[in-house]
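Me: I would like to go through this model with you, part by part. Could you take my questions as they come?

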Amino acid sequence: MRSSTLQTLGLGSVFEIFQNGKLPVTAEELVEQIFGKADNRGALVISGANGIVGAGKTMQLGSRLEPFGIPIVALDFPGVPDGIAKQYPGLVKAFGKGNANKVMGNIIKYSYDGKTLPKGLATHNPKFLLEAIPEILDIKKEHYKTFRENFPDIDIWSVTSGFPSSQLGVGIAHPAFPHEVNKIWEIVEPKPSASSKLLWALGLIPMQVSDNWAFVLDVLFCGLTLAASRFNEATNMPFWKTDKYIRKFYGPNPFRAHDAIGAAGATFLTWSCLHHLSQHYGELFTPTDILVEKKDGGMNWYPLDHFRPMVDWSMNEEEIAEFNSWILGPLFQMTSIMLHENRSHLSQMNLIGELCAQFSKGVLAVTRNLGAAEVKKIVNNYHKLHPEAAKQAWYPEVYDKIDSPEWQQLYVNAEHDGKVGVISINRESYNHDVNAELNRAIDWLKSNNIENVIVTGDFHISTQMVGADTTEFFPAIEDANIGIELSKAWSVTARRLNSDFKTSVGFINGKRCLGGFLELMVHCHYLVAEENASLGMPEVTLPVIPGMEGCHWPLRKMNSTNYKNFLYFILSGKSVKAKDAKGWLTDYAGNMEDSIKMAWKLASDADHGLKKRELNENCILDIPTEISGLDNMEDETITDARKAIMACIQNSCKATLADAISVQAKHSGDFMTTKLCKKGVVGSAYTKTWKV
Amino acid sequence: MKVVESMFPNARIPYGTWGSSYFPAWQTSPLAEVNIGQFAGEAMANILGKRKVSRKELEYLVIGSTIPWHWKFWNGPAVASCMGQRIPGFQMEQACATGLSSVIIAGSEVNSKSYDVAGVLTFDRTSDSPVGVFPERRSYRRTEVIADVWDNFNFDPSTGGTMMATAGLAARKYKIDKKEVDELTYLRYKQYFNAKNSGFLDRVLFSFDVLNVQGKLLGTINEDIGVREISLQTLTDQRELDTCITSGTQTHAADGMATLLVASPEKSKELSSRPEINIEFIAKVDVRTLPGLMPEAPGMAVQKLLQRTGLTMNDMKVVKNHNPFAVNDAIFAKTMNYDWAKMNNTGCSLVWGHPQAPTLTRIIIEALEEAVDLGGGYVLVFGCAAGDVGTAGIFRVS
């Protein structure tokens, strides 16, 4: 339907992974290419290693490169507070003490004066420099010069927050907060390098972007902050409340984020980004007076504790329309610049906002859902409020392409070779957009007479499938019918994987597949998974009742001897490894390469040796009503949630397959309006973010 | 309309940029539980937002407050920060004269071209007023402890008398009849409820949701809590606490805030929702009468004001006063030969309460709004204040 984001890294398409029966490249070969052979590995140097970015990336890369024997050299000025040691507790939490000690033991710390490199550095044979020093161009350039003089073959990347590669004279790998865990890197380089591919092979998410001022994330996040500060200046609504509305309608809370990161530094970076953008794109990006004041004063955006807010603010419909103009107007205009400049693959541009700036839906998805005419109207309304922004850098024509596959398939792609189709999903949680795009992908494959299909993650942006996007449930919390309709609609889509193809294969390539996504995948005729992938249905812990037929569909495909396994699985909410769920959830679980090969065999009608588990379309009456060995029996909430899920299991299994979809949807939709759900995770999030 | 010279030709009050909270009676609302300075700052930002005025327009803030509040030392700048605007400011204070004088000071600052826009923000919380501990060598205890509101009401250090005693003394001096005072009070309640029912108050008063420390709703301030319709018979039946003074014919302590802007003529047009309306400062005086006769002071202030401007009561389109005691109005009417039924058409502080600093500010706001409804003219606002003081000011709406 469109190109795969994987192709932007020079790694081929998702289809080719299955066709070739293996991943396009391995970390081992790339490590050797960049850092040398195992008996003579060079080092990764991170300069500014005690800063927020430097320390975070020292952890993220250090933990991934340690198994390959690559030393991490952490370089910083003498006297700079140790930012690396602070990371240790997080490292222990993620990897355990033993592994954390190994990672820390592989870090070599050097101080230097900014001019002369430490003598001992050469002994580590530096091969790659990741520069994370302050945003002062001359200092950065001098830094590169020093390294190149000492190590002529060294590769250099900057994590700069704004300078283009053409100004810096080095490649750019712009990371996202929080740096120790966020996997996204915006990469600027003439063509995909081995280093970018290595990031991918290490499980990170490099995204190629063009060489312009600031990055996609920064344009979106700094732009949103700017828009919100303009709204504040126009209406006086305090930052905390503006944040609440932005969070409700769009997802992020930009001011809180600045305070959480550290207002003084974060506001400076935001100002710096906007300042440079305004020099290129004009008034649209000019920092507001309050932004300058906060930057110069270094004060938090939220009030001090003793001035916790006292007067609440609300908006009527007219004011909400104005709010949308102030916030969405500039965002759409800024996005038009990035589209005009072809900054990135549209899916990436869209998902950077979601994965790095907490947008509940990417700006492109929001744009697409509104339609070009409405988008232009909102920008025009914004220009009435802020006429200076209309003078330049507005490209409305980019929105005329909204009907193209690149726009319509932001989250779901489909490819085929005339016989086998591959549907790849790049969003980690299932929402209405994914549902709509998945239907379009199925329609497209059907229209091309494709009978066999593999449904998979995209091997790039989506490193796991965490289930339904629970923010989509919020409207259902006050109206059961909305929940029932949502459940039915998503289930109807899932059933198409069973009914619309001769053979469908669900392929779990990521770390985990949970909740709604697992429900979707089990609708495929076969479920193939990387053996260590975690599978789970954590709904009971939220609590919600699975809405995509998780309470009966898997049971209809398994032997009755496995009922208890499944009931324990769904009622405990505990995950199982794919290899431990063979026969009742998965049909095959092996290492990555073998699993890829098996999926292809199944989809291409090759000899695969697996027996298809048939779907029982009749009423099932022998489902056990009780299950032993469950934890937390004294916890009333979880016990009540288990009862509700068990009731759904019993009733939907007692129904025929044809009727079960409505039975399950009713249980799921009705439950969302109960006190039990409202006081749970979803209900609490709803109250916190929607009851503004 | 007779034309007289403005005291501040370079200053205006932009129509429609003002607003006040409701004034809940003391101890009846969430306002009894807040730092009133913070509340006032946040509430002013909210009012200006609803009035489509950016806080950025403000260059200076005159705050008026008479009861100490936490962090009062920081005064204007602290309150301005709560509004979200880092501007300098200054505090004004003289009991219930504070509101009018705060507006005048802001007018003076703008008139002298120090600023194009100055805010006036007056507020007080009488509930749970702070207690001060003062070394006092002339007292037998050497250290005196006073509750700021009630102990001051009950002791004027200049005369040794109470606030209420001034009303009784003045009523006796002017031979005021209780029947007249009861009838006057009854009319004042009718005027208030007529204004309320007509929607007039909705144009000047703003509702506020007050949050507790957890950010949850503590309560909503959406009416002058404590004000109930009252019958003439009820007033008649009430026991006299002093001459002509009953619980019904005097005001009650309250909490609240009120704000307006003062701006240069050009900026005023820019900020106002109706730029064609011109509101000018004409004159203002304060007088001090003999000991213990506070209720006669406002009339004396008005007399002086009229003498100095050459205007008469017949020139006044709107007459409105701060009348903590109903006898104030009876004495004013008697000394000025003016019909008390013609004044306070939209309510007055006798009815809606007495939060001190913002009292006269709300009176000014209501009076200006009423004058606009009536097509313009001179607006006389006046009132009494602790220390046997009378204050009066005239504005012109055209």
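Predicted model: local features only at pLDDT ≥ 70, side-chain atom pairs only at ≥ 80, totals over all residues.

Me: Into which domains is chain A divided?
Reply: Chain A has domain 1 (11–208), domain 2 (216–402) and domain 3 (411–690).

Me: How far apart are the C-alpha centres of domain 1 and domain 3 of chain A?
Reply: Those centres of domain 1 and domain 3 of chain A are separated by 38 Å. The two domains are in contact, with 12 residues of domain 1 of chain A meeting 17 residues of domain 3 of chain A.

Me: Which element gives the largest share of the domain 1 side?
Reply: Helix H1 (residues 14–20) of chain A does, with five residues of the side of domain 1 that touches domain 3. By class, that side of domain 1 of chain A holds six nonpolar, four polar and two charged residues.

Me: Turning to the sheets, what is the order of the eight strands in chain A?
Reply: The order is E3-E2-E1-E4-E5-E6-E7-E8 (chain A), in an open sheet with mixed pairing.

Me: Why is one side of strand E3 and of strand E8 of chain A left without a neighbour in the sheet?
Reply: Strand E3 (107–111) and strand E8 (205–208) of chain A are at the edges and have a single partner strand each, so one side of each lacks a neighbour in the sheet. From one strand to the next, the twist averages 25 degrees.

Me: In which sense do E5 and E6 of chain A pair, parallel or antiparallel?
Reply: Strand E5 (residues 155–158) and strand E6 (residues 171–175) of chain A pair in the parallel sense, over two bridges. Trp157(A) stands opposite Gly171(A), which is in E6(A).

Me: And which strands form the open sheet of three in chain A?
Reply: That open sheet has the order E15-E17-E18 (chain A), again with mixed pairing. Its edge strands, E15 (512–514) and E18 (576–577) of chain A, each pair on one side only. Strand E17 (residues 534–536) of chain A runs antiparallel to E18(A), and two bridges join them. Leu535(A) is opposite Val576(A) in E18(A).

Me: Changing topic, how many residues does the contact take from chain A and from chain B?
Reply: The contact takes 15 residues from chain A and 22 residues from chain B. On the chain A side, helix H8 (216–235) and helix H12 (289–297) each supply at least two residues. H8(A) gives the most, with three residues. The chain A side divides into eight nonpolar, two polar and five charged residues.

Me: Which residues touch the most other members of the largest nonpolar core?
Reply: They are Leu44(A), Ile352(A), Met521(A), Ala599(A) and Ile645(A), in a core of 212 residues. H8(A) provides the largest share of this core, twelve residues. Leaving aside neighbours within four places in sequence, the contacts of Met521(A) include Val455(A), Cys513(A) and Leu527(A).

Me: What does the second, separate core include?
Reply: That core of 131 residues includes Val103(B), Ala106(B), Val327(B) and Val351(B).

Me: Is Val262(B) buried or exposed?
Reply: Val262(B) is buried, because 32 other C-beta atoms lie within 10 Å and the cut-off for a buried residue is 20 or more. Val262(B) is in strand E10 (residues 255–263) of chain B. Although Val262(B) and Ala106(B) are 156 residues apart in sequence, they are 6.3 Å apart in space, C-alpha to C-alpha. Beyond its neighbours within four places in sequence, Val262(B) is in contact with residues including Ile13(B), Val103(B), Ala106(B) and Val120(B).

Conventions:
Residues numbered from 1 in each chain as written. Chains lettered and ligands numbered in written order. Domains from an automatic or database assignment. Contact = placed C-beta atoms within 7 Å. Helix = DSSP H or I, 4+ residues; strand = E, 2+ residues; numbered from the N terminus. Nonpolar A, V, L, I, M, F, W, Y, C, P; charged D, E, K, R; others polar. Pairing = 2+ DSSP bridges. Axes fitted to C-alpha atoms, helices over the stretch in contact; angles between N-to-C directions. Core = buried A, V, L, I, M, F, W, Y, C linked by C-beta atoms within 7 Å. Buried ≥ 20, exposed ≤ 12 C-beta atoms within 10 Å, placed from the backbone.
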